[in-house]
Amino acid sequence: MTRPLLIENARIVDPASGTDQRGAVLIENGRITDLALDGPVGVPDDAEVINANGLVLAPGLIDMRVFTGEPGWEYRETLASAGEAAAAGGVTSFVMMPDTMPAVDDGAVVDFLVRRAKATSKVNILPAAGITKGLAGKDLTEFGLMREAGAVCLSDGRNSVQSTALLRTAMSYAANFDMTIVHHTVDLSLAGEGVMNDGLFATVLGLKGIAREAETIPLSRDLQLAALTGVRYHAAQISTEGSVEIVKAAKSRNPRITAGISINNLCLNENDIGRYRTYFKLGTPLRSEDDRRAVIEGLRSGVIDTIHSDHDPQDSEVKRQPFAEASTGAIGLETLLAAALRLVHSDDVPLLTVLKAMTSRPAEILGLEAGRIAKGAPADLILVDLDYPWQVNENELRSRSRNTSFENARLAGKVMRTIVAGETVFLHKD
Amino acid sequence: MADTPASTSGDFPPFRQRHLISIADLKQHEIIDLLDRAERMVPVSRQERKSLPTLSGKTQINLFFEPSTRTQSSFEIAGKRLGALVVNMSVKTSSVSKGETLVDTAATLNAMRPDVLVVRHGAAGAVELLSQKVGCSVINAGDGAHEHPTQALLDALTIRRHKGRISGLTVAICGDIANSRVARSNLLLLGALHVRTRVIAPRNLLPPGIEHLATEVFTDMEEGLRGVDVVMMLRLQHERASGKMIPSVREYYRFYGLDAEKLAFANPDAIVMHPGPMNRGVEIDPAIADGARSVITDQVEMGVAVRMAVLDALLSGDQA
């Protein structure tokens, strides 16, 4: 039994309740047992006391889209190294995408991951289970058995189910188990050999473009199927102005629809590719500045529910290639919060809205107890200096891979302490 | 022989670029400088002893990931006429599928200490990537649908020799613009020299944003060719395109193939160009290709002169 922990003199920011004020939090046995806003808190004699000195105390972040390399590509990332990166980034829980070797498409693999994560990772790892076997878009997996083993949602990860009929069946069956379908929408035939956003910039680089419609057409289809089947549906990551409009319209009719966005699409645009910089070749392509402004507005207005890192470790062998031949993806667990705070510092989106998209909204979508500061909630918390200046150095990141889309970026805001179930798993050292 | 300078580079200020990857990297004066240098190389290839040993002792490696007979031999002849040791390495398959990455290949070749690598690769940006990993000059001999800078330079030299000038002319580039590195390099180069550029193609062969790269965009050959000074035809990859990008060769030729009827809309003294290899009867009528207004074989000759000039400029600049 560990000692009770009191965090006092903190600026408590809890998006679930809309709280943003000074206070203290008492943690016992891994949970929040008392919360004092203004008033005093009953402190046991043996409590350890942390003076937050006015730093922000927020719920630990819940990242809805993280790829690891374990099992199968441990040299890119293990659950342990992803856990280190997450802890340093203030991410106390993340949904792990099923794109591993073997793929997470079976209850036994889910069970392995749950056990392995508990044994090796500092943070909570929540497996997403494949919608189809081998994520190949052909045959359904065993949704019920995988849920029993600990899967928190269903997703084919990087892959997108092309068959409308199969997707309809999957959604009906998922609704049967009340599981959320998290789907990355890409029309593969339309995307073709495209490797970046379609437009002048792709033309200048001589690269094939991916039309925005390759995202919006299957998104429209999915939202119609979601209404038809009654499933809880989360659009994994949207990137275009058109997608924001489509989701907004569908949400007005169907409350079971939510949408996520990668931090990359909020902070970067196609011009960041510069001269073939492959760290900016991403699963959801970076779009135009107009699209970026539209998704920021989508986040601000609540059309977009969640922000995730899309953490996707890739080694230099597959990244140091000509752009069209390089693999997609960038790491992002450690930079997620600081990058998201750019939107706050630029006065584009309020702090509570940004944090909500990484705490209480993902928790609600996934049905988790975490993601809020309230009596009885898990003590997954972060202390944040909102203005701490730092520069990203790829060699100092904790991930086993170096493919950061924020290399050398100057950021403001850093996690000073990360607490998972009452235990400090990361402490910032100057 | 007597009127040929011993070294052409000596008369020019040092060329400030280490590589030639993209026309976009060149300033207007550098383009003109290269054209002037190339002009001085033309007589070298026309004399009996076609040599000017300014690159004696230098090693040039031609590294072609995509097969190309004419560009590779043009670079080879250019290097040899300047006295360089020229080695051809053709990489038949994608090195990636064989396990060696492009960066590995670059490191291996770099260890052999060449002075210049001439590289063609099927992927846009591949030559630039390679240039970052080697210690010598790199010349882009075509990277995917990105650029083919020496083609644009030889086209400009051909135009200048036939028209006496470049600025103020109107040049139409016709055909598969979307997949053409030749079109991109030419649009950049001609734009830098104040040429009115037109692209003419069916909509599905025009890449997005092309209106920002060309002065005017046309989908009709007759309209587009009206009053032009130069007609530049592009090769259609008809084996790949037929049924996918265009319905048939027959239909393409009817609407976009250059024949006498369409050429009649251009200025009476308009010249006809093609980067080769030509598909006679696909994008161009054989009678036009081999006719009086065709300067296609001149382009090939200017190709050697331009490549000599580029090799000389990059390698003599290296010493400065």
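Predicted model: local features only at pLDDT ≥ 70, side-chain atom pairs only at ≥ 80, totals over all residues.
Ground rules: residues are numbered from 1 along each chain as its sequence is written, and chains are lettered from A in the order in which they are written. Local features need pLDDT of at least 70, side-chain atom pairs count only at pLDDT 80 or more, totals for interfaces and linings use all residues, and side-chain values use heavy atoms, without hydrogens and water.

**Exercise 1.** Find what lines the second largest cavity, and sort that lining by class.

*Solution.* Start with the term: on a 1 Å grid over the protein atoms alone, a cavity is a set of points where a 1.4 Å probe fits but cannot get out, and lining residues have an atom within 4 Å of a point. Next, pick out the lining, which includes Ala85(A), His311(A), Glu334(A) and Thr404(A). Finally, sort it: three nonpolar, five polar and one charged. Here Ala and Ile are among the nonpolar types, Glu is among the charged ones, and Gly counts as polar.

**Exercise 2.** Work out how chain A and chain B touch, and find a salt bridge between them.

*Solution.* First, count the contact (heavy atoms within 4.5 Å): 17 residues come from chain A and 26 residues from chain B. In chain A, Thr203(A), Arg275(A) and Arg320(A) lose the most area to chain B. Now look for salt bridges (a side-chain nitrogen of Lys or Arg within 4 Å of a carboxyl oxygen of Asp or Glu). There are two between the chains, and one pairs Arg275(A) with Asp25(B) at 2.6 Å, N to O.

Methods
1 Å grid on protein atoms, 1.4 Å probe; cavity = no way out; pocket = protein on both sides within 12 Å on 5 of 7 lines; lining within 4 Å. Buried area = accessible area lost by both parts, 1.4 Å probe.
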